[in-house]
Each structure stands twice: as structure tokens, then as C-alpha cells.
Amino acid sequence: MSLTSLLRLASATLAALGVATALGTAGPAVTASDDSVLRPVAGTSGPEAVQRSRQVRQRQAATAASSNSYAFGSTLDGKPLRFDPCTPIRWTANTGSGPAGGLTVLKTAVAEVARRTGTTWTYVGNTSTVPRASYLPGSAQESYPPVLIGWTDGSRSDLLAGQPSGTLAMARNAWFGVQRPDGTRLAAVRTAVVALDRTDRLPLTGPVSWTAVALHELGHAVGLGHTEDRSQLMASVMPRTTGALQVGDRTGLTKLGREAGCVTVP
Ligand SMILES: [Zn+2]
């Protein structure tokens with residue numbers, strides 16, 4: 001098959017498959033070796049918002065305590081998109097507009113996600129960079145910017161602009177990979193951006209707290225989506241009864257982490 005027809009086939013496959021909750025893009029083909037043509041594939045997840053509950057009392061499912069419910073944010077060929085758990089994940093924080101103690105909150109949440117996924121997170125220091133959608137690179141690079149988590153507001157960040165008033169935060173990640181001539185695809189999440197709405201006056205810990213919001217958004221950053229089970233921290237509306245990761249949240253994180261093996265993208 002000629003290179004041109006291979007590329008046509010690759011394009012058709014991409015279009016037919018689509019990529020749920022992601023903006024699929026494809027760049028020019030790169031030849032990795034004589035017998036394989038690897039076509040770049042890339043996309044972003046989300047943005048995913050988490051809302052503050054507007055109800056006084058939230059209905060809980062009868063089985064909530066033992067629920068193991070979770071969902072993946074984006075999948076590629078049936079597999080969840082995730083960071084390579086065998087490579088340290090670098091992260092940075094913008095706490096200038098956050099509450100006193102904000103950095104400790106973020107470090108605690110990152111440590112919890114690192115533990116649940118079996119990954120290593122390296123803090124590279126504070127930044128003044130505003131968490132915006134444009135923080136994420138649009139194409140594959142030699143190296144990627146660290147995961148950015150920070151407080152901002154709708155006047156400065158497009159991730160929060162125009163959102164309902166109950167929105168506490170937004171997260172988006174970016175993944176890059178390749179499509180082989182046989183159509184199979186392999187990609188990894190390379191970085192993410194999390195915007196925490198500084199105008200929400202939340203406590204640092206406990207239910208509906210900055211710790212809970214950070215855990216939820218980091219869940220998105222590493223590849224979890226929203227679950228229908230409203231007792232889980234990964235529900236689209238923050239549970240009012242807990243600020244900790246629940247059974248389903250922890251199961252989902254485990255399946256995105258070291259236990260699922262390394263992700264080696266050519
Ligand atoms: Zn969410």
C-alpha cells in the first residue's frame with residue numbers, strides 16, 4: 001500500500017472512530033522506520049467542572065457505602081488515556097490568589113493521588129502562570145510543561161469564564177500519541193491544567209473543601225471522568241458528606257496507575 005493511501009486510511013479511521021470528549025487532531029505523518037508509518041494523534045479531555053450542591057440534602061443511593069463506581073474521562077480504542085505511571089509527573093502551583101495554606105492543600109491532594117496511582121509526582125515550584133486552556137500544548141513536544149494547578153477566576157481564565165456560579169473548578173488534560181499503519185493507536189496523557197475558582201470561599205479540609213476539590217480535579221487530570229454515583233468524590237456534584245476519595249474513586253485511580261503497567265509511546 002502506498003504511503004498516500006495509508007495516510008488516507010489513517011484519516012478515515014480517525015474520522016470514523018471519533019474521540020469521545022476529546023478534540024482529535026492529526027498532524028503530518030512521521031516515518032519511524034522502513035516498515036512502520038506512525039501518524040500523530042492528540043487530544044484534550046474536558047474541561048470538566050465540579051459543582052457545589054444546590055440542594056440542602058443530597059439523596060444517596062442505598063448502596064452508596066459499598067459502591068465501586070468510577071468512570072474514565074477519555075478512552076482510546078477502549079483503553080483509558082493516562083499518564084505513563086513509570087515516569088515521574090512534574091507539577092507546579094499558582095497559589096498567589098488562593099487561600100492561606102493553599103499550597104499545603106495541593107501538596108496533600110497530589111500526595112494522595114500519587115499514592116493511589118502508584119506514581120511519583122515532582123513539585124517544581126510555584127508559578128504566576130494563570131491556569132488557562134492555552135497552557136496545554138497543541139502538538140507533541142520533546143518535553144511538556146508540568147501539570148499546573150492554581151487559583152484564578154472567570155475574569156482571568158477561560159476555563160472558568162461563563163460557568164454557572166456553582167462551579168468550583170475546571171480541569172483539562174492533553175494527550176499525544178501515534179497511530180500505526182494497522183490503525184491501532186497508542187497515546188499518553190502528558191500534562192494537565194486545573195483552575196480552582198478563587199471566588200468560592202471553601203474551607204481547606206472536610207466535605208466541599210479545597211482539598212476535596214483538588215482531589216476531584218486531580219482525578220480528572222490523571223484520567224477519571226464523572227461517575228453517576230453521587231457518593232463518590234468523582235461525582236459531578238461534590239458530596240456533602242465526605243471530602244475524601246471513596247471506594248470507586250480509589251479503584252479508578254488504581255486502574256489508571258502503575259498496576260496497569262507502563263505506557264510507552266513510540
Ligand atoms: Zn469534575
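A residue is called buried if 20 or more other C-beta atoms lie within 10 Å of its own, exposed if 12 or fewer do, and partly exposed in between, with C-beta atoms placed from the backbone. Helices (H or I, at least four residues) and strands (E, at least two) are DSSP runs numbered from the N terminus. The model is predicted: local features need pLDDT of at least 70, side-chain atom pairs count only at pLDDT 80 or more, and totals for chains, interfaces and linings use all residues. Residues are numbered from 1 along each chain as its sequence is written.

The protein chain contains four helices and eleven strands. Of its 266 residues, 44% are buried. Two residues are taken to be in contact if their C-beta atoms, placed from the backbone, lie within 7 Å. Among contacts between residues at least 6 apart in sequence, 73% join residues at least 24 apart.

Strand 9 spans residues 147–152, and six of its six residues are buried. In a regular strand the side chains alternate between the two faces of the sheet. In strand 9 both faces are covered, with Val147, Ile149 and Trp151 buried on one side and Leu148, Gly150 and Thr152 buried on the other. Strands are paired if DSSP finds at least two bridges between them. Strand 9 runs parallel to strand 7 (residues 89–94), to which four bridges join it. In this pairing Trp91 stands opposite Val147. Strand 9 is also parallel to strand 11 (residues 185–197), and five bridges join these two strands. Here Leu148 has Val193 of strand 11 as its bridge partner.

The expected span of a helix is 1.5 Å times one less than its number of residues. The buried residues of helix 2 are Gly102, Val105, Leu106, Ala109, Val110, Val113, Ala114, Arg116 and Thr117. Seen down the helix axis, these buried residues fall within an arc of 165°, so they line one face of helix 2; the arc is that of the directions from the axis to the C-beta atoms. The cover over the buried residues of helix 2 includes strand 7, strand 8 (121–126), strand 9, helix 3 and helix 4.

Helix 4 (residues 247–256) has Gly248, Asp249, Gly252, Leu253 and Leu256 as its buried residues. They fall within an arc of 135° seen down the axis, so they too line one face of their helix. Strand 6 (79–80), helix 2 (102–117) and helix 3 (210–221) are among the elements that cover them.

Two packed helices are described by the angle between their axes and the distance between the axes. Axes are lines fitted to C-alpha atoms, for helices over the stretch in contact, and angles run from 0 to 180 degrees between N-to-C directions. Helix 2 and helix 4 pack at an angle of about 65°, and their axes are 7 Å apart. Helix 2 is therefore roughly perpendicular to helix 4, where 65 to 115 degrees counts as roughly perpendicular, under 35 as roughly parallel, over 145 as roughly antiparallel and the rest as oblique. Val113, Arg116 and Thr117 of helix 2 make the contact with Arg250, Leu253, Thr254 and Leu256 of helix 4.

Gly257 lies in the segment after helix 4 and is buried, with 21 other C-beta atoms within 10 Å. The C-alpha atoms of Gly257 and Gly118 are separated by 5.8 Å, although the two residues are 139 apart along the chain. Neighbours within four places in sequence aside, Gly257 is in contact with Pro85, Arg116, Thr117, Gly118 and Thr119.

Helix 3 has twelve residues and reaches 16 Å from its first C-alpha to its last, close to the 16 Å expected at 1.5 Å a residue. Twelve of its twelve residues are buried, so helix 3 is largely enclosed by the rest of the structure. Gly223, which follows helix 3, has a positive phi near 120°.

Positive phi also occurs at residues that are not glycine. Val208 has a phi of about 50° and is found in the loop between strand 11 and helix 3. With 20 C-beta neighbours inside 10 Å, Val208 counts as buried. Asp77, with a phi of about 55°, lies in the loop between strand 5 (75–76) and strand 6. Asp77 counts as exposed, with 11 C-beta neighbours inside 10 Å.
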